[in-house]
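This report describes selected features of one protein chain. Please look at the sequence and the structure below before reading on.

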Amino acid sequence: MTRAGSRPGKPWGWYTRLPRVARAAIAGCAGALGALGQAPYDQPLIMLLAFSLAFLMLRRQKHARDAALVGWCFGIGYFSVALIWILQPFQIDPDKHAWMAPFALLFMSTGLALFWGAAFWAARLLSNRTWPLILTWTAAEVLRAYVLTGFPWANPAQALVNGAAGQGLAWVGPHGITLWLMSLAWALSFPAIYRRRHVMRLGQAALLVSVAALFYLRPSAPMAPLTHHWVRLVQPNAEQHLKWHPDHARGFFDRQLALTAAPPETAAAAPDLTIWPETAIPWVHPDAEAALEMISAAAQGKPVALGLLRRQGGGLLNSMVVLDAAGQATQVYDKHHLVPFGEYIPLSSVAERFGLTGMAQVSATGFARGPGAQTLDFGALGRGLPLICYEAVFAHDVNAAPERPDFIIQITNDAWFGRDVGPQQHLAQARMRAIEQGVPLMRAANTGISAMIDPHGRVLASLPMGVSGFLDVQLPAPLEPTLYSRTGDGPLALLLLIGLVGAAIRRAASK
């Protein structure tokens, strides 16, 4: 027996009659299509339609275990395509690491897809209808951002950063946008479920047109006013396999010195701050005093922020320091959100027995963690929030700053990620952080993409991948604090909890 207003088996009867493995394969292909919403493909409408198809597939699963399989396979397809860049770090030293590349992609995609499989399983337990998947899928994305230090890369909201819809990040953050996307996908699945298709399809067409406009039209917000301060972003283009090579490391350092000392196009554009990328020098602080003095001299005594490795108390830290006119590191920030299996190995004492070490770490135990988010004082420019590479992935880490910054500085070494998918997705996430906080973000990347991003997430100027050079650009002023910067993820988490508890009570009452 069917519910009032619902259709019997057609037109999805063929799908229901397929063997389980075929349904799983279709789900995987749909998920792979959904990943085309992410950079560099930037087709969020395809992503939305793929998500809508996922709601339709859930509708045809009678049992929670079948729903879990469909959701898991959908997630495997999605993450296998969205995270294809994860193969690149294993090609830096292929003789040592290349064999691990396919296993890394397999384990990462299947592991992250477990969150989505659990969402489909829970949605089917809560109701025979599809609407609970809006809540469970969004909740799965929230958990993915926090559980086991989190990994929210390729969050669905990330696909909307180019369009007007991405400006909603300032109001509700990435998980609020995900909730909205899931609601749209659910609404778009209606015409294939209900009898009055001609009415529903008209509504679907209108919804698609409206959504396409939000996805693809550029933000119409006015440009943020520019301050009178100029920033120089230095991009040395040190390829990862040569970056630490003794025959090349000094050459990359000298290149950055020359880029720092280069005259600006006009006297008015003389930089008030110069930024070098992550791990910009081959010497470990505090044994790098001579190099730091040379950097300060090249900057003619103006402040320089740069990334370096720092030894403290027997541990090694991935840090950013700010140099004064004498080349002294007057302020220090230590990276606190480290990359699992890259900068440290979980259960390192056990992993060491099997010879497993992270690719970016220099000891078996990996890097030490810094104390947490902090802002640094840049004098007349204001207070800046430093982020080192991976830390720009986490919206809640940026919200954890002890005070609201006037701007964000991200230094990174995207040479690990290749020259296409990874760096472009990393840039998209940096743009998200600017929108969420309503502050500009300046980004110095070793091999690119270095950029100045305004408080609306628009790239004002950039240096592309694979080139060396510098970028002199004016610093935009921050906007008023955004709603998301004030509230964080708490209100949405509470809303999801209330919705899920309500759905569970409704399910129990119907039995």
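Where is the place of I498? In this predicted model, I498 lies in helix α17, which covers residues 490-510. I498 counts as exposed because its relative accessibility is 55%, and the cut-off for exposed is over 50%. I498 also belongs to a nonpolar patch on the surface, formed with L494, L497, V501 and I505. Together these residues have about 490 Å² of accessible area.

| Strand pair | Bridges | Bridge partners |
|---|---|---|
| β4 (residues 315-323) and β5 (residues 329-334) | 5 bridges | M320 and Y333 |
| β10 (residues 450-453) and β11 (459-463) | 4 bridges | M452 and A461 |

The hairpin of β4 and β5 has 5 residues between the strands. In this hairpin, G327 takes a positive phi near 80°.

Strands β10 and β11 belong to an open sheet of 6 strands, in the order β6-β7-β8-β9-β10-β11, with mixed pairing. Its edge strands are β6 (376-377) and β11 (459-463), each of which pairs on one side only.

A further strand, β12, spans residues 469-476 and contains D472. Which side chain makes a polar contact with the side chain of D472? The partner is the side chain of R232, at 2.7 Å. Leaving aside neighbours within four places in sequence, D472 is in contact with R232 and also with W230, V231, P264, A269 and P271.

Definitions and conventions. Residues are numbered from 1 along each chain as its sequence is written. This is a predicted model: local features need pLDDT of at least 70, side-chain atom pairs count only at pLDDT 80 or more; totals for chains, interfaces and linings use all residues. Side-chain values use heavy atoms; hydrogens and water are left out. Patches are made of residues with over 30% relative accessible area and no salt bridge: like charges are joined within 9 Å, nonpolar side chains (Val, Leu, Ile, Met, Phe, Trp, Tyr) within 5 Å. Accessible areas come from the Shrake-Rupley method with a 1.4 Å probe; for residues, only the protein chains shown count as cover. A salt bridge is a side-chain nitrogen of Lys or Arg within 4 Å of a carboxyl oxygen of Asp or Glu. Helices (H or I, at least four residues) and strands (E, at least two) are DSSP runs, numbered from the N terminus. Buried means under 20% relative accessible area, exposed over 50%, partly exposed in between (1.4 Å probe, protein chains only). Two strands pair if DSSP finds at least two bridges between them. A polar contact is a pair of N or O atoms within 3.5 Å; within protein, one must be able to donate a hydrogen and the other to accept it, and residues adjacent in sequence count only if both atoms are side-chain atoms. Contact means heavy atoms within 4.5 Å.
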